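Subject: Structure for your review

Hello,

Here is the structure I said I would pass on. Please open it alongside this message; my notes follow below it.

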Amino acid sequence: MTPTKPEQPGRIDLSDEGVHWDLGSSQSYAEYLQLDAVLGAQKPLSFEHDEMLFIIVHQNSELWMRLFLHELEGVMDCVRKDNLGPSFKMLRRITKVQHQLLSIWDVLSTMTPADYSAFRNVLGRSSGFQSLQYRLLEFALGNKNADMVRVQARDERAHATLTRSLHAPSLYDEVLRLLSRRGYGIPAELLDRDFTEAYSASKAVAGAWLGVYHNAQKDWDLYELAERLMDLDHQFQLWRFHHMKTVERIIGHKPGTGGTGGVSYLAKALELRFFPELWQIRTSM
């Protein structure tokens, strides 16, 4: 019996694997993912080591927000069609995306104040305050503010996109329309309101959500939707808090590059809630 030839340490035998060494006319992994463009998009403006970290963290955040928006569009479509089943998978995925966005602050917080100060001046006035995707997320979730459209004035396409989002119903507006169609008493003025304005909490809506929770067995999908919305809102608040504390850790209370007060501006957002009645009714249950 011929002994089996031992593999070389640290080397996998590929002789019995059907590896496509020659791709022929097929696209490659790098071509499919357009990695030349993605990995060529990191262009530091200084010679400071940590600027690469800063760029990648923010580009990574934008990619996760891209997926967040994609899933959110799917959720809103399900709500409009009163077909909530598929939306729960999308909302679970959004929660996982939010976990990734949250963990990014842990990476950025490895940067010291001295590290950031070494290249901060090359940023000019560029700032996350100008992130189109972040603002689209906030508008889609109901935190409308017409002033925020102005920051996109130099980019005609981005300005038009954000303006459309400002005038469109938010996720919560669509959810309230669904509750109305299901027989829960939502005031008519909330169903056809000025969607450019931020939503204000309503006692009638709080009563409708209490009805959903008390009838959870009959309207389980609405009850599940409420809990998924709570997850989303909760995670968003955690993201805001970690953003503020990371900024405070790195620059203290210096103004932000975009002209805001930095930490003082970020602190203002900590009490914002996209779905206020879902928080309020906890006390009444």
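**What was found**

Aspartate 219 sits in the loop that runs between helix 10 (203-214) and helix 11. Please keep in mind throughout that this is a predicted model. Is aspartate 219 buried or exposed? Its relative accessible area is 8%, and a residue counts as buried when that value is under 20%, so aspartate 219 is buried. Setting aside residues up to four places away in sequence, aspartate 219 touches Arg182 and Tyr184. The C-alpha atoms of aspartate 219 and arginine 182 are 9.2 Å apart, although 37 residues separate the two in sequence.

Lysine 218 is also placed in the loop between helix 10 and helix 11. With 60% relative accessibility, lysine 218 counts as exposed. From lysine 218 to aspartate 22 there are 196 residues in sequence and 58 Å in space, C-alpha to C-alpha.

**The chain as a whole**

The protein chain has 13 helices and zero strands. The radius of gyration is 24 Å, whereas the globule rule gives 19 Å for 285 residues; the actual value is well over that, so the chain is more spread out than a compact globule. Along the principal axes, the C-alpha atoms fill a box of roughly 80 × 60 × 40 Å.

Of the 285 residues, 41% count as buried. The accessible surface of the chain is about 17,000 Å², and carbon and sulfur atoms account for 54% of that surface. Among contacts with a separation of 6 or more, 71% are made by residues 24 or more positions apart.

As for charge, the chain carries 32 positive and 36 negative side chains. The centres of these two sets lie 4 Å apart.

**Helix 11**

Threonine 246 lies in helix 11, which covers residues 220-251. Threonine 246 has 7% relative accessibility and so counts as buried. Leaving out residues up to four places away in sequence, threonine 246 touches Trp105, Leu108 and Ser109.

Methionine 244 is in helix 11 as well. Methionine 244 has a relative accessible area of 8% and is therefore buried. Which residues is methionine 244 in contact with, leaving aside its neighbours within four places in sequence? They are Val263, Leu266, Ala267 and Leu270. Leucine 270 is 26 residues from methionine 244 in sequence, and the C-alpha atoms of the two are 9.0 Å apart.

**Aromatic residues**

A search of the whole structure turns up 15 aromatic pairs. One of them joins tyrosine 172 and phenylalanine 275 in a tilted arrangement, with 5.2 Å from centre to centre and 50 degrees between the planes. This pair links distant parts of the chain, since its members are 103 residues apart. Tyrosine 172 belongs to helix 8 (residues 171-181), while phenylalanine 275 is in the loop between helix 12 (263-268) and helix 13 (276-280). Both tyrosine 172 and phenylalanine 275 are buried.

Tyr172 and Phe275 also belong to one aromatic cluster, together with Phe68, Trp105, Tyr134, Tyr199, Phe236, Trp239 and Phe274. Trp105 of this cluster is one of the residues that threonine 246 touches.

**Backbone angles**

Most residues other than glycine have a negative phi. Two residues here have a positive value.

- Glutamine 34 has a phi near 50 degrees. Glutamine 34 is found in the loop between helix 1 (29-32) and helix 2 (35-39). At 53% relative accessibility, against a cut-off of over 50% for exposed residues, glutamine 34 counts as exposed.
- Aspartate 82 has a phi of about 55 degrees and is not a glycine either. Aspartate 82 is in the loop between helix 3 (51-80) and helix 4 (85-108). The relative accessible area of aspartate 82 is 33%, so aspartate 82 is partly exposed.

Regards

Note on methods:
Residues numbered from 1 in each chain as written. Predicted model: local features only at pLDDT ≥ 70, side-chain atom pairs only at ≥ 80, totals over all residues. Heavy atoms only, no water. Helix = DSSP H or I, 4+ residues; strand = E, 2+ residues; numbered from the N terminus. Rg over C-alpha atoms; globule rule 2.2 N^0.38 Å. Buried < 20%, exposed > 50% of the residue type's maximum accessible area, 1.4 Å probe, protein only. Contact = heavy atoms within 4.5 Å. Areas by Shrake-Rupley, 256 points an atom, 1.4 Å probe, with all protein chains shown as cover. Lys, Arg positive; Asp, Glu negative; His and termini not counted. Charge placed at Lys NZ, Arg CZ, Asp CG, Glu CD. Phe/Tyr/Trp six-rings, centres within 6.5 Å; stacked < 30°, edge-to-face > 60°.
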